[in-house]
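Subject: Structure handover and findings

Hello,

Here is the structure you asked to take over. The findings follow below it, grouped by topic.

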Amino acid sequence: MTSSSRATGKRLPISCQACRNRKIRCSRDGRPCQTCTRRGLGAEDCIYLGQPRLSAEQTAPADATVQKELLARIRNLEALLQRQVNSQSGTPTEGASPLEAPSATGSFTESELGISLEAWSRSLSGNIGTLQTSQSGHVRYVPLASQWESVVAKSSAADCLRGSDAETADEDDLQIPFAQNGNVSRTEILALLPPGRHCDSLKEVYFEVFSPVFHILHDLTFDAEYQQFCHDPSSVSTAWLALLFAILAIAVSALKDDDPLLADLGRERTVSRNIKIISARYRSAALRCLAADGVMTRASISSLQALVLVGYARLHRGLSFWTLLGFTKHVAMSMGCHIDPERFNLGPIEREERRRVWAGLKTLYTIQNTSFGSLDQTFLTHDVKMPADVDDVDLLTMPNMYTSSDRSSPALTRPTQMTFLLISSRLYKISNRVCEYIFTYPQSRFSTSQLETEILAVRELCETRYSTESSLESLPVQHRANSKILHAHIHQVLLLLFRPTLCQFLQGEITTETCEARGKCMASAKAALSIFQSLLQDPHFTPYRWYTSGLGSFHAFHASVVLAVGLTNPENQVEFDETKEVLRKALDMFASLSVRSTFCSKAMPIVRQIIEVTSTQYQQTKRHESTLRAQLHAQAQLASQNIAQQQHLQSLSPSVTPNMTPLSMADSFMLTRSHPHPHPHSQSHSQSNSPVPTVASSASEPSMPPNFGMHLHPQHWLTPTSVPWDTLSASVGQYKFESDVV
């Protein structure tokens with residue numbers, strides 16, 4: 001057989017060269033094949049041996065069509081912009097391009113430019129794009145500018161775009177931030193879950209305690225999915241498992257100290273350590289699930305909810321999550337959550353789920369942004385409506401009632417599952433402005449009265465929503481606890497607001513304004529400690545130890561320090577005794593939580609020393625006052641005797657001048673000035689820039705060193721993590737407590 005006959009008899013491959021090179025299965029159904037389409041390859045790359053490549057002439061018509069459609073879209077946008085500008089300015093110019101309409105001076109004026117930009121933004125606001133949901137449930141927001149399907153719908157690239165994420169997991173290397181190995185199997189993930197009965201218990205704890213506080217889920221939907229998961233673990237997505245782990249991580253912190261579940265899940269010696277380890281374990285498992293689900297390149301509502309809840313869990317553990325929060329923000333925007341869901345064709349539950357998770361994300365962002373000094377305000381300016389103030393069941397029974405622009409009905413007075421999140425979100429926004437005010441005082445763009453009015457309006461709203469015709473006691477436990485937590489937060493913001501004026505009072509500026517600020521601070525501090533005591537000692541609020549051990553302890557510690565300031569400047573003995581008793585009770589409460597809360601174990605010795613120092617100084621002041629009174633009384637008696645003796649001598653012999661001159665009132669006044677009487681509201685303080693006394697010691701009696709107040713500026717009272725414990729503990733350490741050294 002000749003060589004030519006052997007060449008013609010050789011069989012040609014039936015798979016395309018691209019599939020053969022990668023050694024993957026080729027669908028062999030045309031150019032491009034389905035495999036190449038999923039990989040993003042076009043007809044020019046899908047080559048079968050024996051068939052020619054597509055020439056430039058073959059592809060030219062498609063390119064020309066694309067260019068024509070793009071030019072048409074540009075002309076339409078220009079015409080739309082021109083109409084908007086003409087309607088605003090009232091001077092239509094026929095046939096002129098928007099970029100060819102200068103002012104009389106030959107260039108755009110500032111007002112004209114503002115109108116043009118506003119018109120441009122309005123014209124583009126309606127072009128919101130679409131949501132694409134894959135078969136696996138992942139959602140991607142595609143802006144209008146990226147919707148090339150409308151341009152190349154007739155070309156092979158359309159199929160490529162629709163299936164572009166089919167094989168991203170094979171070549172994706174962006175999972176490193178979440179797990180060392182994102183290729184974890186479902187069997188390994190399920191093995192990380194606690195036993196079924198423990199999983200049920202933790203889920204119930206979460207929906208009883210935490211869901212009313214941070215209500216970003218639709219509880220009924222999740223419960224139905226959970227029941228399905230219990231029946232068939234393979235029926236749920238990996239992202240949903242991440243959400244379940246995030247819920248478990250949060251629920252652990254609400255368990256009682258003697259709950260046997262803690263002993264079953266952890267082996268640490270202390271309760272606080274057990275909770276810390278178990279919560280970290282489940283948070284890590286949630287992130288591993290997200291990595292396995294490919295959250296770096298695709299996301300679903302479950303993965304976004306899991307990310308937000310992981311951030312919420314880290315917030316209450318006092319951990320940093322600023323970087324994670326930024327990533328979560330961009331995941332939400334990639335899903336189109338930054339656009340109000342009414343613009344999409346979504347059902348009522350899905351719309352509210354999107355609004356809720358976006359509201360929760362914005363709340364977390366506001367908290368972190370405030371603690372970082374308000375670095376970025378742009379994220380807070382999106383126009384997504386707040387969630388409806390309704391219960392979950394209302395979205396099922398009356399879905400069409402809450403689709404209007406009015407998200408909260410004024411006739412609704414009872415609290416719902418969403419009430420706490422909506423009010424706390426509003427309160428955190430005010431807190432952000434208060435922080436701006438105290439850091440820019442007195443040149444702030446806000447005034448004290450303006451911010452106080454906003455805070456009191458929120459307090460009035462709380463009292464309206466969480467009150468009933470009879471009393472607060474008739475509300476469910478979760479609503480009663482939520483009401484107390486909101487009021488504690490309100491008092492915390494009030495203490496921050498009046499801190500600059502309180503500083504002026506302590507520096508000797510005694511005016512009506514500074515005296516009123518001192519009185520308001522004392523009242524808010526006592527109210528905050530009363531709320532803290534109620535949440536801690538009422539057995540109905542035992543599940544809220546996560547709050548009293550964390551954020552609640554921080555608010556109580558802040559209130560205790562403010563009361564200590566008042567203890568050094570009491571109006572009278574009655575106020576001194578009452579304030580000291582309140583601080584004694586606060587010390588006992590910190591001591592009872594010191595085993596569970598690291599914050600309380602650090603705060604306890606400081607509060608104890610503040611009480612001792614301020615009490616000692618007050619007693620010294622009282623003794624000094626008594627000594628001065630005795631001296632003045634003796635001097636007055638001596639002056640009286642001298643005057644009587646002088647009058648007697650003058651009556652006997654008017655020409656005789658006595659050798660002893662009586663003490664005049666001016667002399668007595670000068671003596672008094674040499675030993676001034678320490679008025680409680682005019683006392684001089686060595687820490688001129690500090691609103692807070694400190695705890696330092698001397699050789700004999702405790703005293704307030706001047707450098708302590710430098711470490712308690714307002715920025716140290718924004719979050720529990722901002723308190724300078726190292727500096728405080730150094731001051732407390734000078735007293736060398738036996739068992740309370742921080």
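At what angle do α10 and α11 pack, and how far apart are their axes? Before the answer, please note that this is a predicted model.

**Helix packing**

The packing angle of α10 and α11 is about 105°, and their axes are 12 Å apart. The two helices α10 and α11 are therefore roughly perpendicular to each other, since an angle of 65 to 115 degrees is counted that way. On the α10 side the contact is made by F222, E225, Y226 and F229, and on the α11 side by W240, L241, L243, L244 and I247. Sorted by class, the contact of α10 with α11 has eight nonpolar residues, no polar ones and one charged.

Helix α10 (residues 219–231) also packs with helix α9 (residues 196–210), where the axes come within 12 Å and cross at roughly 175°. That angle makes α9 roughly antiparallel to α10. From α9, the residues G196, C199, D200, K203 and F207 meet D219, F222, D223 and Y226 of α10. By class, the contact of α9 with α10 divides into four nonpolar, one polar and four charged residues.

Helix α20 contributes A481, K484, I485, H487, A488, H491, L494 and L495 to the contact, while α22 contributes C521, S524, A525, A527, A528, I531, S534 and L535. Eleven residues in the contact of α20 with α22 are nonpolar, four are polar and one is charged.

**Two buried residues**

H489 is found in helix α20. With a relative accessible area of 9%, H489 is buried. Leaving aside neighbours within four places in sequence, H489 is in contact with L427, Y428 and H555.

I278 is found in helix α13 (residues 271–293). I278 is buried, and its relative accessible area is 0%. Not counting residues up to four places away in sequence, I278 touches V252, L262, L265 and G266. For one of these, L265, the C-alpha atom is separated from that of I278 by 7.0 Å, with the two residues 13 apart along the chain.

**Salt bridges**

Side chains of opposite charge can pair when their charged atoms come close. The count of salt bridges comes to 19.

D257 forms a salt bridge with R596, and the closest N and O atoms are 2.3 Å apart. D257 lies in the loop between α11 (238–251) and α12 (260–265), and R596 in the loop between α25 (573–593) and α26 (598–652), so the pair ties together parts that are 339 residues apart in sequence. At 38% relative accessibility D257 counts as partly exposed, whereas R596, at 10%, counts as buried.

The other two pairs share E342. In one, the side chains of E342 and R355 meet in a salt bridge with an N to O distance of 3.5 Å. This pair links E342, in the loop between α15 (322–334) and α16 (348–371), to R355 in helix α16, 13 residues apart. E342 counts as partly exposed at 33% relative accessibility, while R355 is buried, with a relative accessible area of 1%.

In the other, the side chains of K385 and E342 meet in a salt bridge, N to O 3.0 Å. K385 sits in the loop between α16 and α17 (392–397) and E342 in the loop between α15 and α16, so that the pair links distant parts of the chain, 43 residues apart. K385, at 23% relative accessibility, counts as partly exposed. Salt bridges that share partners join D340, E342, E352, R355 and K385 into one network.

Regards

Conventions: Residues numbered from 1 in each chain as written. Predicted model: local features only at pLDDT ≥ 70, side-chain atom pairs only at ≥ 80, totals over all residues. Heavy atoms only, no water. Salt bridge = Lys/Arg side-chain N within 4 Å of Asp/Glu carboxyl O. Helix = DSSP H or I, 4+ residues; strand = E, 2+ residues; numbered from the N terminus. Buried < 20%, exposed > 50% of the residue type's maximum accessible area, 1.4 Å probe, protein only. Contact = heavy atoms within 4.5 Å. Nonpolar A, V, L, I, M, F, W, Y, C, P; charged D, E, K, R; others polar. Axes fitted to C-alpha atoms, helices over the stretch in contact; angles between N-to-C directions. Parallel < 35°, antiparallel > 145°, perpendicular 65-115°, else oblique.
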